[in-house]
Every structure is written in C-alpha cells, then in structure tokens.
Amino acid sequence: MKRKALSILLVAAMTATMVMGCGTGKGSSSNGGTQAGDPTAGEDEHTLSVNAWDKNFNIPALQAAADDYKKNVDPDFNLKINEVAQSSDIENAVTLAASAGDYSTLPDIVLFQDHWAHKYISDYPDAFQNIDDIDIDWSDFASEKVSYSTIDNKHYGVPVDNGTVICAYRIDLLEQAGYTIDDLTGCTWDKFIEIGEKVNEKTGKYLLSMDGDGNDLVYMMLQAEGESQFKDGKPYIADNEKLVKIVEIINEMVQKKVLYLANDWNDYTDQTIIGDMVAGVMNGNWIIPTIEQVKENSGKWEITSMPTLEGGEGYASNGGASLYVTANCKNPDLAKKFLAYTFGGSSVTYDAALKNGGVITTCISAGKSDVYNEGVEYFNNTPIYAQIVEMGSHVPVVEQSDYHYTCREKVAAAIINITGGADVKSELKNAEDQLNFEMGN
C-alpha cells in the first residue's frame, strides 16, 4: 500500500476506534438484546464475536445463523454481534491493528466487502486465518462469489449475500410500448436501445438509470461479456475493444433518452427509482428494497438477465460481502464449524435471513428451498429469489483488482465528459493514465 494511502487510512482508523475499540462499541447479542459489546474474541468455548454493519440487512442474517446453530447444534452457543456504523469501520480497524502489530482488538469474525477483501488479506496476511480445512462444498456456491475470498488458492471467507445483477422492468410500461419482458431477455444492447426509445416515446420514462458519479454500468456490462477492466494486474481500458464499445453504447443510450445518468446516488435512488422516472432498473439485487418503496407499483415488475453485445443472456454481480476469521480468534475450530453449518449451506439460516433481512444466498442448494421458490407479490408473483440464485451460478469469474473503486471513479468521470461531447478514446486513455498513476505504474 502506498504511504499516502496508508496514512489516510490510519487517520480514519483512529476515529474508527470509537466504534471498534475494546469495550466501547454497541452491538446486539444472539439473544436479541442490545449490549455494550466487547468486539474482541469470545471468552469461552461456546462464544464467538463478529463485527458487521447494517441492522436491517447483515445483522438479521447473522442473528438467523446464531439462532440456527444454537437450536440445532449447540444450545450453549452465543454469538456476540457488534454492530458498526459502516463497512469502512471494519477496514480501518484492521489497518490500525496491523500498524500497531496487535490484533487483539479484533473480534473472532469480521464481515468484509468482497471488492476490498483481496487487498486487505494481501496487505495484512497476519490479520486473517485461512479456512482451507472448513467443511464446505465450495462447488455448491457461485464460483464468482467464492473467487473474491480465494487468495493464492486458499479459502479465507464464507459468502453471506448475493450481489447478482438483476434487470427489473415495469411490465405494464413495456406493454404500452408493445413489448414484454421476453423481448428484453437475451437481447442485444442494440435491441435494448430500440426498445428504450419506444418506451420513452410512449411513456415518457427512461428504460434505465444509473448514478453518474458511481457508475457501475461499465463493470456490470463488461463482466456479462466475460471481460475485466484489468489485465494481468494492470488497467485494461483504452485498448479494451469491448469496454470501448460499451462506453459508446452508454453514450448512445444517454443521447437517445434511454438512460438517465443521475447526479449522485440520492438522485439515482430517490428521483429516478422512487421518483418513478424509469421503466427499468439494472443493479445488484440489493436494489430490490429501493424498488419496492413505491407501493403502488406492486405487481408491475418482473426480473430477467442482462443484455449482451452479441445477444444471449448476460450475468454479472455487483456488491456483496463475506465473513472472515481473524488472527485474534482463539477458537478457530468453533468459528469454522459455525460458519460451515450456517452460511455453508443451511436452509434454516438462509430462509430466515431472506425473510428477516432480505439477504439472498449464493449457495445454490439453499436457493432451492420452498421459501426461495415462493412467488413475490411485488414482482408479479414470480419466484425471483430462486431466479436470482440460479442467475448467480452463471456469473463469469473475471480479474479483480484492489483498485476496483478507483477505476470506477475514473471511468465514470470519462463517461460524463463523453456524454458532453468529448472524444471516447481520448477520455478513456486519460482515465487509464490517471489510474496507472494512482497505482504507481
């Protein structure tokens, strides 16, 4: 890690100790109560501690796992769930512990963002324990998801949620334009634009929107082609023919009022999705609760896979996190048994996590349960959760980078300039040069 980046992280990490430091954080225990939680390792042979964020999503999933293990494996089991404000608190805590050479401030288990995990395990290998001997059938998980937590052919993390991209469409608005969701399933991007123009003409709505600042479209569209923005560890942008074509398509969609590029994330969610400006949404399936906030549109949505350049169903993933055992875990055998039994494939855990927090599994067998196959009223009574798990099993593994988010930032800025009339190749070359500078190449 560069010294500048490290110093920034360390400053942030000092602040994070207010949340993460021993005995200062607040968390929820596995019995459902709230406690002044010590985020460090469990103090007896039946207790584990875990740090995670999001009380409405990840925390209920962990609670479901704790309840499952306590009821069906060990009645004395206790999971101390320490809620932190955001994912960066966990990242900062690892950085601070590593800089001090003291991992005793860490809990037994941490929830880590998939796109950041490889960097932190590579930078701080002593902070984590590999779980190669865990009793999990990795072939039962989406291979793309597992790839995030596999470093040097060793497993470090157990998947929790599913970031599979969905293309959700208003079937009533498609009908007004003379189309059905089948017309958008496996279509080319050229056909998508044709349909989008017609939808805009008939309904006044965009077929798609995206946050212009944090533009994830390039990554998702490129992964659906089996390509990456990186090659052999270096940026692969300006000479990446598929990436160039995708950016040209994004620009064409903007010009033809098929795609609305929002000013920021709030504009994207509040104005375009909740504000009912769009007939379609394309993002990680975690976007579903945002779509569902418009109660009057219940029953009017369905989901499918992504378009591709040449046609055929496309699959991608965007977002997600996994659980990692830290160096401070004094009982790694218990940690591995707990993770293997619950998130390693228990339908009891995953059914409850879906019902209580909306967490969708990447475990293929768990996604075949009765709960996952129930029709969802908001999405025209189709079993979207089973559908998402099945789509996730097809997501191609592409090269990842520690600079994923930096790349997104540079390419997003280039796209803004391109939609304003700038030259595509010049802007992408500039984005690649900036990224190479950031990476020290």
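Leaving aside its neighbours within four places in sequence, with which residues is Thr-361 in contact? In the predicted model, Thr-361 is in contact with Val-160, Asn-162, Tyr-350, Ala-366, Gly-367, Tyr-372 and Val-389 once those neighbours are set aside. Thr-361 itself is placed in the loop that runs between helix 14 (347-357) and helix 15 (384-392). The relative accessibility of Thr-361 is 0%, and because buried means under 20% relative accessible area, this residue counts as buried.

The setting of this residue is the protein chain as a whole, which contains 17 helices and 16 strands. The radius of gyration of the chain is 22 Å, close to the 22 Å given by the globule rule for 441 residues, so the chain is as compact as a globular protein of that length. The C-alpha trace spans about 65 × 50 × 35 Å along its principal axes. Of the 441 residues, 57% count as buried. When contacts between residues at least 6 apart in sequence are considered, 75% of them join residues at least 24 apart.

Strand 16 was then considered in detail. This strand comprises residues 321-325 and is mostly covered, with five of its five residues buried. In a regular strand, side chains alternate between the two faces of the sheet. In strand 16 both faces are covered: Ala-321, Leu-323 and Val-325 are buried on one side, and Ser-322 and Tyr-324 are buried on the other.

Pairing of strand 16 was found with strand 5 and with strand 8. Strand 5 (residues 109-113) pairs with strand 16 in the antiparallel sense, over five bridges. Within this pairing, Phe-112 has Ser-322 of strand 16 as its bridge partner. Strand 8 (residues 157-159) likewise pairs with strand 16 in the antiparallel sense, here over three bridges. Gly-157 has Tyr-324 as its bridge partner in strand 16.

Terms used:
Residues are numbered from 1 along each chain as its sequence is written. This is a predicted model: local features need pLDDT of at least 70, side-chain atom pairs count only at pLDDT 80 or more; totals for chains, interfaces and linings use all residues. Side-chain values use heavy atoms; hydrogens and water are left out. Helices (H or I, at least four residues) and strands (E, at least two) are DSSP runs, numbered from the N terminus. The radius of gyration is taken over C-alpha atoms; the globule rule is 2.2 Å times the number of residues to the power 0.38. Buried means under 20% relative accessible area, exposed over 50%, partly exposed in between (1.4 Å probe, protein chains only). Contact means heavy atoms within 4.5 Å. Two strands pair if DSSP finds at least two bridges between them.
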